[in-house]
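Here are a few notes to read with the model open beside you. Take them in order.

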Amino acid sequence: MKRILVTGGTGYIGSHTAVELINAGYEVIIIDNLSNSTADSLDGIEAITGVRPAFVHGDVNDMETLEKLFSDFPGIEGIINFAASKAVNESVRKPLLYYRNNLVTLLNLLEMTVKHGVKGFVFSSSCTVYGEPDVNPVTEKSPIKPATSPYGNTKQISEEIITDTIYSGAPFRAILLRYFNPVGAHPSALIGELPNGVPQNLIPYLTQTAIGVRQELSVFGDDYPTPDGSCIRDFINVVDLAKAHVMAISRLIEGRTAEPVEIFNLGTGNGVSVLELINTFESATGVKVPYRIAPRREGDIVKVWADPEHANNVLGWKAEISLADTMLSAWNWQKRLREKGIM
Ligand code: UD1
């Protein structure tokens, strides 16, 4: 069984990816410091797959922890790196935390990759690298815009660090996955997104409002130059997204990559506005979401959606789950959190 290290594997996208890796026959080792997730994810992964992944409770910032991990679990063939901080606002207030958590961890892992002969490295990048695009949909060749937050900057710098390392002759290959807006949860409702405190992102805020934890959802701006005035995003189901990681790591391990570093946009190809999303949620679940129009949120992109052709053609990946099913999965997860007394 091929061994894959999933950093940040108890988190939102990491836990869904662990499930898909196990389903595809990989052995998964998770390292997570549980700073933004709980070990309950391991129960969820086990309940879905019947397999409990090996878990190291530790920090990727710490080289000694990593050295021990690599000696306890020899022969790791691939690394999928989710261990990072991801709140845009927080990154503006705490840049050093973001540079440490997102860049020092990456440097440590790349050193380990070279030292221990790991074949493939998959990195979680973001559509944030495109900034406000001049043209939609966005392809992988669309221009990279100056980052508008330390978070966004860490994604750009990370892509450069990985690329420089590989083109220096390092003996491994990498795939950079640029996610659009990952949403929803596993259809079993056994794993999902668990935001710390007041959610900054749309879907957790929306589902918490729908269940009554929050009074109302603020729609940030209805006067943008879009058909209904609200911002447009490409909402991609987290299970679809997770499957792309399995395709990427297999491609790397099996030596099927065409270039030493490959980049793929992961989105549906459909731009959906914030107001359309609320409507889809309401009709999929039958639950009303109290909302009001609020001022624009500083730093928001007006509209961005993916051209997923490259991922379709080269990776063989395509988003398959409908937005309505995705909204239903997010709602079922929120209800499950309520049943467990978490929310
Ligand atoms: C941004 C980044 C993304 C990053 C993510 C992490 C861009 C294009 N995207 O996503 O790369 O990974 O943050 O957090 O830079 N909204 C409301 N009310 C709310 C919350 C959000 O109306 O309470 C709106 C926002 O104004 C936005 C949309 O919903 O138009 C999506 O917002 P959000 O879920 O926060 O994600 P992004 O900002 O798109």
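1. Start with Thr7, which sits in strand 1 (residues 3-7); helices (H or I, at least four residues) and strands (E, at least two) are DSSP runs, numbered from the N terminus. Residues are numbered from 1 along each chain as its sequence is written, and side-chain values use heavy atoms, with hydrogens and water left out. This is a predicted model: local features need pLDDT of at least 70, side-chain atom pairs count only at pLDDT 80 or more, and totals for chains, interfaces and linings use all residues.

2. Thr7 is buried, at a relative accessible area of 0% (buried means under 20% relative accessible area, exposed over 50%, partly exposed in between; 1.4 Å probe, protein chains only). Beyond its neighbours within four places in sequence, Thr7 has contacts (heavy atoms within 4.5 Å) that include Ile31, Val60, Phe82 and Leu109.

3. Now look at helix 2 (residues 40-49), where Ser41, Leu42, Gly44, Ile45 and Thr49 are the buried residues. Down the helix axis they fall within an arc of 160°, so they line one face of helix 2; the arc is that of the directions from the axis to the C-beta atoms. Their cover includes helix 1 (12-23), strand 2 (27-32) and strand 3 (54-57). After helix 2 comes Gly50, with a positive phi near 80°.

4. Finally, the ligand. One of its oxygen atoms is 2.8 Å from a polar backbone atom of Leu202, and a nitrogen atom of the ligand is 2.6 Å from a polar backbone atom of Ser218. Strand 8 (residues 217-220) gives the most to the shell around the ligand, with four residues.

Note on methods. Polar contact = N/O pair within 3.5 Å; in protein donor to acceptor, adjacent residues only side chain to side chain.
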